[in-house]
Amino acid sequence: MPDLATLQADFVRAILGPDRSAAGASVLGDAAAAGLRLGIYRTTALSGLSEALRLSYPITERVVGAAFFEQSALAFARQAPPEVPVLALYGAGFPDFLRSLPALAALPYVADLALLDWAVDQAGLAPSGHRTADRSHVLATERGIATITLAPSLRLLRLETSVRDIWLSLRAGDEDSLADLDWRQGPQWLAVHHQGDDVEVTALTPACWRLSDALLLGGDLETAISTVAADPGEAAAVAGEFMNTPFLRIDFPRS
Amino acid sequence: MPLPVPSSPDRIPAAAGIGLRFPHHREVAAAPSGLAWVEVHPENYMAGGAMLDLLQAIRRDVPVSLHGVGLSLGSVGGVDTAHLARLTAMIGRIEPSLVSDHLSWSVSGGVYVPDLLPLPYTEEALDVVARNVIQVQDAIGRPLLVENPSRYLAFKHSTLTEAEFLSALVQRTGCRLLYDLNNLFVSAFNLGDDPAAALFAVPTEAVAEIHLAGHALKRLDDGSEVRIDDHGDVVAAEVWDLYTRFIHRAGPVPTLIEWDTSIPALDVLKREAAKAQRYLDFARIPETRVA
């Protein structure tokens, strides 16, 4: 009989792959019965992973349909099973997996919708409000030194296709408007953040997106503005757009 | 050497509680009265989010038990220290009255399989589980409750019964038991054993919590029937029978109603808990000579 380490490795192979013979050899009963009993564990484990992905990618499932989503999720789960038992964090690689599928080669917006689903899902796990001090920056303004804090849930996405409005329409159940939407309108620079129970998906200009990205990476605000803008006029425009985004809290000193 | 049980005004009473799942958080947070205690899977909150905030709000009014599914106590590779740190942090945040996990494994070679996979009941497996339980208890500073799993197969090379395995584990680690009577019934049916014969084979004095849940009957392709521990129905009559027999002899124990699939309205869970509570009340009637 195998030692415990071998048995556990055989068991994982039987659950994630087609070969149940090694694990089945240790199980009481004939090979056919052992295979069926192993199948119960296999079904539970794979359906758990599929369900975890379904919860994180609801709009993607709506677009590709339940059957295609289930097949894709199971294939992904076998190829990239989780490493930690916190399923809310499982599935970051699913959009890239979808992009690699030949059946979706002509439909690049599906993987982009999945990226947006994932950003929204993960943003929902962050604390709401603007509580994270390490995302605060200062900026000299006409009213004095302003402290600017980014929402801790902020996620930035650069997508090759125009899926924001499609995603919003599907999420709102407003499918009549889909007729007016086209994913072939070019790339999008998006910001995702949660405010209370709501999620906001904001379209940014490329410069404002790069500015926000630089700040998320810990950059200094005034340096970041000068980096993303070619001249003072553009700097003013970028700063103006940035200051009006909904994922900021701006605090001015009390007079 | 038994570890001390934390004494706390929030200690879970020998009463009936419910497994708290996401669909009921807001309702429970808004009206926590009428619930003796609740139990949650800590892994569902380890990523953060609004549900963790709600759980902390509920915790202010209702005692909470943390029932893990991710420690993988039977893994040869040991307990994942990063996961143990997440659990320890959750304990610090929620201050649960009880902490439990399963006599099973779910991690091998760095892969996490989201199921409670069975162990062969051997001396080798006992050494592994005892080592892991001690590591967990050292980290969390309290006894861990270890639950008997539902099983769909047995291993040829097992040399111990499940009760013998659990008894030895209690003796070697000082852990307590979470006795899942639905699992006992499901496993016995699936493996051709008699649940009534096994009911008192575990050390009853170590049982610190009881789980009750529903299950499903399924026919496999070879025509055989198995009971699937899906936590998707009311508690079966046979399981209620095991429960009343156990608490009448062992005494009232904190009891939990679990429901994880096809989750019904909160009132349905409360009614199941109220039924368990009636049985707990009956078990407090002293065994005196009537005549």
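## Stop 1: a helix pair in chain B

H8(B) and H9(B) cross in the right-handed sense. To see this in the predicted model, select residues 237-250 of chain B for helix H8 and residues 266-283 of chain B for helix H9. Their axes come within 9 Å and cross at roughly 35°.

Now show the side chains at the crossing. H8(B) contributes B:Tyr243, B:Thr244, B:Ile247 and B:His248, and H9(B) contributes B:Tyr279, B:Leu280 and B:Ala283. Coloured by class, the residues of this contact are five nonpolar, two polar and no charged.

## Stop 2: two loop residues with positive phi

Stay in chain B and move to the loop between E11 and H8, where B:His231 is found. B:His231 is not a glycine, yet its phi is positive, at about 50°. Is B:His231 buried or exposed? There are 21 other C-beta atoms within 10 Å of B:His231, so the residue is buried; the cut-off for that class is 20 or more.

Next select B:Ser262, in the loop between strand E12 (255-258) and H9 of chain B. B:Ser262 also has a positive phi, near 45°, and is a residue other than glycine. B:Ser262 counts as exposed because it has 11 C-beta neighbours inside 10 Å, and 12 or fewer is the limit for exposed.

## Stop 3: the barrel of chain B

Select the strands of chain B that close into a barrel. There are eight, in the order E1-E2-E3-E4-E7-E8-E9-E12, and the pairing is parallel. From one strand to the next the twist averages 30°.

Which residue of E2(B) is the bridge partner of B:Ile18? The partner is B:Val38.

## Stop 4: the nonpolar core

Which residues touch the most other members of the largest nonpolar core? They are B:Val146, B:Leu177, B:Leu181 and B:Leu212, in a core of 159 residues. Helix H7 (residues 108-123) of chain A gives this core its largest share, 11 residues.

Centre the view on B:Val146. Beyond its neighbours within four places in sequence, B:Val146 is in contact with B:Leu73, B:Asp101, B:Leu103, B:Val133, B:Leu169, B:Cys175, B:Leu177 and B:Leu178.

## Stop 5: the sheet of chain A

In chain A, three strands form an open sheet in the order E3-E4-E5, with antiparallel pairing. Strand E3 (155-159) and strand E5 (198-204) of chain A are the edge strands, each pairing on one side only. With direction ignored, neighbouring strands of this sheet are turned by 25° against each other on average.

Strand E4 (residues 188-195) of chain A pairs with E5(A) over seven bridges in the antiparallel sense. One place to look is A:Trp189, whose bridge partner in E5(A) is A:Leu204.

Bring back the helices. H7(A) packs on the sheet and touches E3, E4 and E5 of chain A; the direction of H7(A) makes about 180° with that of E3(A). Helix H8 (residues 164-172) of chain A lies across E4 and E5 of chain A and runs at about 160° to E5(A).

## Stop 6: where the chains touch

Show both chains again and select the residues of chain B in contact with chain A. Here 36 residues of chain B meet 38 residues of chain A. On the side of chain B that touches chain A, the elements giving two or more residues are strand E5 (105-108), strand E6 (111-117), helix H4 (123-140) and strand E11 (225-228) of chain B. Which of them gives the largest share? E6(B) does, with six residues. By class, this side of chain B has 20 nonpolar, 10 polar and six charged residues.

## Stop 7: B:Glu225

Finish on B:Glu225, which lies in strand E11 of chain B. B:Glu225 has 10 other C-beta atoms within 10 Å and is therefore exposed. Not counting residues up to four places away in sequence, B:Glu225 touches B:Leu217, B:Lys218 and B:Arg219.

How values were computed
Residues numbered from 1 in each chain as written. Chains lettered and ligands numbered in written order. Predicted model: local features only at pLDDT ≥ 70, side-chain atom pairs only at ≥ 80, totals over all residues. Axes fitted to C-alpha atoms, helices over the stretch in contact; angles between N-to-C directions. Helix = DSSP H or I, 4+ residues; strand = E, 2+ residues; numbered from the N terminus. Left-handed = near helix turned anticlockwise from the far one by under 90°. Contact = placed C-beta atoms within 7 Å. Nonpolar A, V, L, I, M, F, W, Y, C, P; charged D, E, K, R; others polar. Core = buried A, V, L, I, M, F, W, Y, C linked by C-beta atoms within 7 Å. Pairing = 2+ DSSP bridges.
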